[in-house]
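Please open the model in your viewer and keep the sequence beside it. The tour below goes from one selection to the next and says what is there at each stop.

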Amino acid sequence: MLLAFDTSSAAVTVALATPGGEIVASSTTVDALRHGELLAPAIADALRTAGVTPRDLTRIAVGVGPGPFTGLRVGLVTARTMGEVLGIEVAGVCSLDVLARQSSLTLPVAVATDARRKEIYWALYDGPAADGSRRRLEGPAVDKPAEVAHVLSGLPVIGRGAVLYADALGVTVDDVTEYPSADVLATGVATGTLEVVAPEPLYLRRPDVTMSSGPKSVL
């Protein structure tokens, strides 16, 4: 069984899937302040719903961001700790890739999520291939919405950033998908239609922001 979860946004989303990508349990709770309280019970509930134990897991998939450090850290620490204890692979996936994969549009799309400080994380994607996968054309990057409005102009924009900064981005929000889905993350990793990376946090800073003395430790 494959366990997938993402805590890179305000949502805590968890899914359990078969090796072929069939979802057998899932949940999503939006609460930007309670990632640490919500993730472990959500995982336990998914396992209980599917009638399996942690020892039945063969792989873990986790969203690596970009996202605010506190929430992102909860997911990555949990994934890496479970992987170490259970002796199974932990696959990381860019959370913006998950959002792009969620779109049912047959056109190129942009993804914009909330980076706080009135900024967005964003990336551009090609139209879907026959298997539903999308190729990332640009990004991920972090900028003020007004500074990248010309880049996103004319594209459907997916994600919480499109809701918060629709005016600055010059987009019309119509039933937009706001948060990454663990269902899509699980299915994408199981079927090989999402690019897998190391389970390390994807941190982004604006070029004009002074860098700290060193990277933040996840563990």
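In what follows, a residue is called buried when its relative accessible area is under 20%, exposed when that area is over 50%, and partly exposed in between, with a 1.4 Å probe and protein chains only. This is a predicted model, in which local features need pLDDT of at least 70 and side-chain atom pairs count only at pLDDT 80 or more, while totals for chains, interfaces and linings use all residues. Residues are numbered from 1 along each chain as its sequence is written, and side-chain values use heavy atoms, with hydrogens and water left out.

**The two domains**

Begin by colouring residues 2–95 together with 179–197 as domain 1, and residues 96–169 as domain 2; such bounds come from an automatic or database domain assignment. The centres of domain 1 and domain 2, taken over C-alpha atoms, are separated by 22 Å. Domain 1 brings 16 residues to the contact and domain 2 brings 14 residues, where contact means heavy atoms within 4.5 Å. Between domain 1 and domain 2 an area of about 1,400 Å² is buried, and carbon and sulfur atoms give 64% of it; buried area here is the accessible area (1.4 Å probe) that two parts lose on being put together, summed over both.

**Helix H4**

Next select residues 145–152, which form helix H4; helices (H or I, at least four residues) and strands (E, at least two) are DSSP runs, numbered from the N terminus. Which residues of helix H4 are buried? They are Pro145, Val148, Ala149 and Leu152. Seen down the axis of H4, these buried residues fall within an arc of 145°, so they line one face of the helix, the arc being that of the directions from the helix axis to the C-beta atoms. On the face turned away from the buried side of H4 you will find the exposed residues Ala146 and His150. If you then show what covers the buried residues of H4, the cover includes strand S6 (109–116), strand S8 (136–143) and helix H6 (166–169). Just after H4, stop at Gly154, which takes a positive phi of about 85°.

**The aromatic pair**

Now select Phe69 and Tyr203, whose ring centres are 5.7 Å apart and whose planes stand at 40°, so the pair is tilted. Rings of Phe, Tyr and Trp (its six-membered ring) pair if their centres lie within 6.5 Å, and planes under 30 degrees apart count as stacked, over 60 as edge-to-face and the rest as tilted. The pair links distant parts of the chain, since Phe69 lies in helix H2 (residues 69–86) and Tyr203 in the segment after helix H7 (182–191), 134 residues apart. Phe69 is partly exposed at 23% relative accessible area, and Tyr203 is partly exposed at 33%.

**Salt bridges**

For the last stop, show the charged side chains: a salt bridge is a side-chain nitrogen of Lys or Arg within 4 Å of a carboxyl oxygen of Asp or Glu, and by this rule the count comes to nine. Arg80 in helix H2 and Glu200 in the segment after H7 are 120 residues apart in the chain, yet their side chains meet in a salt bridge at 3.4 Å, N to O. Arg80 is partly exposed at 25%, and Glu200, at 43% relative accessibility, also counts as partly exposed. In helix H1 (residues 35–50), Asp45 and Arg48 are three residues apart and thus separated by about one helical turn, and their side chains meet at 2.1 Å, N to O. Finally, select Asp31, Arg34 and Glu37, which are linked in a network of salt bridges.
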